[in-house]
Amino acid sequence: MARLAYSRCPVLLLAFAAMLPAPALSQSAGSPFVDDAKAGAVLRSLYFRRDLPTNAVQESWAAGGSVWGRTGYWRDTLQLGATIYGSGGLYAPDNRDGTLSLKPGQDGFAVVGEAYARLKAWDQTFTLYRQAIGTNPQRAEGVRGLQTDMNYLGSRDIRMVPLTYEAAMLGGQITPTLRYQAGYVDQVKDINSDKFVSMSRLAGVTTRDTGLWNAGLQWQPVKDLWVQGSYYHVDDTIRIAYTDVDWVNRTSKESYWRLAAQYTDQRSDGANLLTGSNFKTWNTGIYGEYGWRWLTLYGAAGWTGQGAAIRNPYSYGPFYISQRIKVFSRAGEDALMLGSSFNLAPLGLTGFSFDFNVADGRNAITAGTGATLPKWREYDFDFIYRFPKESVVPGMRLRARWGTVREDFGTRTDRTDDLRLDLNWAVSFN
């Protein structure tokens, strides 16, 4: 069964307390540093079961989340903040490891995932040490969220705990319509770990520790139109260039059209420590969406170059066709996805919604040999309930998710089933 590291909790709580209030001791009453301080928690629970074609089962039921706090700005310049993350097993058989909700071995964990100092001046911010990266303002109101992450440096927040980073990041506005982010990321904590490792290690390199340089721009020339581009470089490991465009056209108060497109160029770097040889590949995709009152219809198509599968070690990936079980970005793969979402409030089920989509991938190959890989078809279902603001648990989300994949090898078809039941509730302490 799971073993949560309770002995670490007092130390972590002391560390959390020490990070926040020390500078405040010199602050007088009425100081924004103290008065604008915020704290809260995110409570989570996730039951996860995946039945693999080998008859193996991955299964756990975890509970945890995060506790966070941040000061206001001292003299409108300095802010401190921290977040403790944790996950513990309520049910976690040792022989059903691999859910990524807990550490390997079905062990629970707790970690100071964020502990940062943030400097602000002239609409620019500089954030130092442990931090979350990937918060992206590119989102029109009332439309579907395309992916967990909008680029290749993000949260991969798909289980109990997100990715967080040890980094020095600069960001802000160049003009009212043009934003940027740039910096150096030294280490990263995986979603089921309490240890930070180098960016090259998480990517798969075992012989050298290197960090990641990154820079990106996001432009919003008019309302509901975004264009962004970003670049990521890990010495002797990998280089990634990414760009996309996203446009929403409001046809009335109750309906809209949405069109988006994306492109990735990805290749090895320097000594090719990741694979031992050069590789180069690309991925492109298009996306369409129509929304009307209680109905959303959406679809996407994607293509990947034959040089290699796309790698995304530092995010869930910005792909339009990142499904529950599979990511449709294998070498040579052609992929299609169709889906729909329904707001069930018109049926008297306020707070309830339902989402269904199906994705199909074919023509994928093993890079280098050209060997044919199986066709994929995945079906995913979500049934969601959000508690109203006036309830005793305002904003809490309950979600039931089921997905299944068929892998067609030509001579046989393998099946993988995925069931998840999750709870997510953000609570403010002030």
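**Salt bridges, cores and surface**

Analyst: D418 and R50 form a side-chain salt bridge, with N to O at 2.7 Å. D418 sits in strand β19 and R50 in strand β1 (residues 38–51), so this pair ties together parts that are 368 residues apart in sequence. Keep in mind that this is a predicted model.

User: Are D418 and R50 buried or exposed?
Analyst: Both D418 and R50 are buried. D418 has a relative accessibility of 0%.

User: Which other salt bridge does D418 form?
Analyst: D418 also forms one with R420, where the closest N and O atoms are 2.8 Å apart. R420 counts as buried because its relative accessible area is 5%, and the cut-off for buried is under 20%.

User: What is the salt-bridge count?
Analyst: The count comes to 28 salt bridges. One of them pairs D414 with R412, the closest N and O atoms being 3.1 Å apart. D414 is buried at 16% relative accessibility, while R412 is partly exposed at 44%.

User: Back to β19. Where is T416, and what does T416 touch?
Analyst: T416 is in strand β19, which covers residues 413–428. Leaving out residues up to four places away in sequence, T416 touches R50, D51, L52, P53, I325, G403, T404, V405 and E407. R50, named there as a contact of T416, is also the salt-bridge partner of D418.

User: Why does T416 count as buried?
Analyst: T416 counts as buried because its relative accessibility is 4%, against a cut-off of under 20%.

User: New topic, the cores. How many residues are in the largest nonpolar core?
Analyst: The largest nonpolar core has 25 residues. Those with the most contacts inside this core are L153, Y165, V185, M199, L212 and Y314. At least two core residues each come from β6 (164–175), β7 (178–189), α3 (199–203), β10 (225–234) and β11 (238–252).

User: What is L153 in contact with?
Analyst: Leaving aside neighbours within four places in sequence, L153 contacts I133, G134, Y165, V185, M199, L212, N214, Y232, Y314 and S315. As background, nonpolar side chains in soluble globular proteins tend to be buried together.

User: Which residues does the second, separate core include?
Analyst: That second core has twelve residues, including A300, Y320, I321 and W376.

User: Okay, T264. Which strand is T264 in, and is T264 buried or exposed?
Analyst: T264 lies in strand β12 (residues 255–267). T264 is buried, with a relative accessible area of 1%.

User: What does T264 touch?
Analyst: Not counting residues up to four places away in sequence, T264 touches Y152, I240, A241, Y242, T281, W282, N283 and I310. The side chains of T264 and Y152 are joined by a polar contact of 2.8 Å. T264 and I310 are 46 residues apart along the chain, with a C-alpha separation of 8.6 Å.

User: On to the backbone. Which residues have a positive phi although they are not glycine?
Analyst: Among them are D236, with phi of about 60 degrees, and R293, with phi of about 50 degrees.

User: Where are D236 and R293?
Analyst: D236 is in the loop between β10 and β11. R293 is in the loop between β13 (280–292) and β14 (295–304). D236 is buried at 17% relative accessibility, whereas R293 is exposed at 56%.

User: Last one, the surface. Which residues make the nonpolar patch of about 420 Å²?
Analyst: L119, F126, L128, Y129 and L170 make that surface patch. Strand β5 (residues 124–131) gives the most to the patch, with three residues.

User: Where is F126, and why does F126 count as partly exposed?
Analyst: F126 lies in strand β5. F126 counts as partly exposed because its relative accessibility is 30%, and that class runs between the buried cut-off of under 20% and the exposed cut-off of over 50%.

How values were computed. Residues numbered from 1 in each chain as written. Predicted model: local features only at pLDDT ≥ 70, side-chain atom pairs only at ≥ 80, totals over all residues. Heavy atoms only, no water. Patch = residues over 30% accessible without salt bridge, like charges linked within 9 Å, V, L, I, M, F, W, Y side chains within 5 Å. Areas by Shrake-Rupley, 256 points an atom, 1.4 Å probe, with all protein chains shown as cover. Salt bridge = Lys/Arg side-chain N within 4 Å of Asp/Glu carboxyl O. Helix = DSSP H or I, 4+ residues; strand = E, 2+ residues; numbered from the N terminus. Buried < 20%, exposed > 50% of the residue type's maximum accessible area, 1.4 Å probe, protein only. Core = buried A, V, L, I, M, F, W, Y, C linked by side-chain atoms within 4.5 Å. Contact = heavy atoms within 4.5 Å. Polar contact = N/O pair within 3.5 Å; in protein donor to acceptor, adjacent residues only side chain to side chain.
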